[in-house]
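Visitor: Could we go through this model together? I would like to ask about its side-chain pairings and backbone first.

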Amino acid sequence: MADTINIENEGDDLHSQMEEVEALSSIYGDEWCAIDEASRIFCIKISNDTEETKLTACLQIILPPDYPSAAPPIYQINAAWLRGSERVRLANSLEDLYVEHAGESILYMWVEKIREFLLEKAQDSATVAQSEKVTLTAEEDLDDGDGPDFAGLTLSAEAAQHFLEHANDEEVPPIKHGGCITDRRSTFQSHLAPVVAPRQVKTVLERLYDNKKIASATHNVYAYRIYCEDKKSFLQDCEDDGETAAGGRLLHLLQILDVRNVLVVVSRWYGGILLGPDRFKHINNCARSILVEEGYTASSDDVAKSAGKAKRLKGKKTK
């Protein structure tokens, strides 16, 4: 009986690893590299992408057979600038993340934690360099016009609240269509709509199926996530539409990116040639591209740059 349970767990772990690797490959593109897929060895180049201080690190990962259910990934961080107490502090933060999310896929959180560490390190270096050149008083910092525009922030919050209150007034949420990916005569195209209630998901799907081209697709895979403010939880679901496991993989991508109040549909027109695992890669890439285009998430470069800017503003305010 114990052997049967172990075999089932290993199968579930392998499936989870495959989904996670596909999602990470879609998110990070060329930064993600499979060194030996059979041995489950991967690496990713992580950088802070700030103008002041450029820092990079390479995270090498080995996924053991019982990850994520019972064991953490085996990892090594290669960075010439990372030494002594800083290396220990970063390692401790990664281990704390694993303990906090034991049994879950952890690699995306690890990568972004390392990126955050790089940004903090770069910000500290820039602050030291700047303090050697000039010292600003608090009054000068407030008067120079570079501080946060709190009026703009309030307006944005009001606009967001107005959208949430009146979202249900629209009969059909606006639908956006992404570009196409064609591989061996199969074509993939993504579609996206903002949704704040399950009935809007149904409405959007019905409108999409009114389009003869979309209705004729071999598969219309979809996934959605809706954040319920009152319950502080997500309402989410997915559909394979005959493309086995594709809906779950698409939903996993949305979860990793932590997007909310959105429906993503990926249509596939089958061209007569089997694509194998590449079909899942194309579905995720289509979904990722339209989420970036519509501002639901950012490319890894944009995330690093915006985070670096936010830290610079915070550093100015606290002087």
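Visitor: How many aromatic pairs does the structure hold?

Guide: The structure holds four aromatic pairs, where rings of Phe, Tyr and Trp (its six-membered ring) pair if their centres lie within 6.5 Å, with planes under 30 degrees apart counted as stacked, over 60 as edge-to-face and the rest as tilted. One of them is Tyr-75 with Trp-110, an edge-to-face pair at 5.0 Å centre to centre and 65° between the planes. This is a predicted model, in which local features need pLDDT of at least 70 and side-chain atom pairs count only at pLDDT 80 or more, while totals for chains, interfaces and linings use all residues. Residues are numbered from 1 along each chain as its sequence is written, and side-chain values use heavy atoms, with hydrogens and water left out.

Visitor: Where do Tyr-75 and Trp-110 sit in the chain?

Guide: Tyr-75 is in strand S4 (residues 74–78) and Trp-110 in helix H3 (residues 107–133), so the pair links distant parts of the chain, 35 residues apart. Helices (H or I, at least four residues) and strands (E, at least two) are DSSP runs, numbered from the N terminus.

Visitor: Is Trp-110 buried or exposed?

Guide: Trp-110 is buried, at a relative accessible area of 2%, whereas Tyr-75 is partly exposed at 25%. Buried means under 20% relative accessible area, exposed over 50%, and partly exposed in between (1.4 Å probe, protein chains only).

Visitor: Which residue lies over the face of Phe-234?

Guide: Arg-225 does, at 3.8 Å from the ring centre. Arg-260 lies over the face of Tyr-227, at 4.4 Å from the ring centre. A charge sits over a ring if NZ of Lys or CZ of Arg is within 6 Å of the ring centre and within 35 degrees of the ring normal.

Visitor: With which residue does Asp-258 form a salt bridge?

Guide: Asp-258 is bridged to Arg-225, with the closest N and O atoms 3.6 Å apart. Asp-258 lies in the loop between H8 and strand S9 (262–269) and Arg-225 in strand S7 (residues 219–228), so the pair ties together parts that are 33 residues apart in sequence. Arg-225 is buried at 6% relative accessibility, and Asp-258 is partly exposed at 44%.

Visitor: How many salt bridges does a search of the whole structure find?

Guide: The search finds twelve salt bridges, each a side-chain nitrogen of Lys or Arg within 4 Å of a carboxyl oxygen of Asp or Glu. Among them, Arg-249 and Glu-22 meet at 2.4 Å, N to O. That pair links distant parts of the chain, with Arg-249 in helix H8 and Glu-22 in helix H1 (residues 2–28), 227 residues apart. Both Arg-249 and Glu-22 are buried.

Visitor: And where do Arg-115 and Glu-112 lie?

Guide: Both are in helix H3, three residues apart, about one turn of the helix. Arg-115 is buried at 2% relative accessibility, and Glu-112 is buried at 19%.

Visitor: Back to H8: how many of its residues are buried?

Guide: Ten of the twelve residues of H8 are buried, including Ala-246, Leu-250, His-252 and Ile-256. The end C-alpha atoms of H8 (residues 246–257) are 17 Å apart, which agrees with the 16 Å that its twelve residues should span; the expected span of a helix is 1.5 Å times one less than its number of residues. Just after H8, Asp-258 takes a positive phi of about 55°.

Visitor: What is the count of disulfides?

Guide: The count comes to zero disulfides, a disulfide being a pair of cysteine sulfur atoms within 2.5 Å. The sulfur of Cys-286 is 7.5 Å from the closest cysteine sulfur, in Cys-180, which is too far for a bond. Cys-286 is buried, at 3% relative accessibility.

Visitor: Which peptide bond joins Tyr-67 and Pro-68, cis or trans?

Guide: The bond is cis, with omega about 10°, and Pro-68 is found in the loop between strand S3 (56–62) and S4. Most residues other than glycine have a negative phi, and most peptide bonds are trans. Arg-40 has a positive phi of about 60° and lies in the loop between strand S1 (32–36) and strand S2 (41–47).
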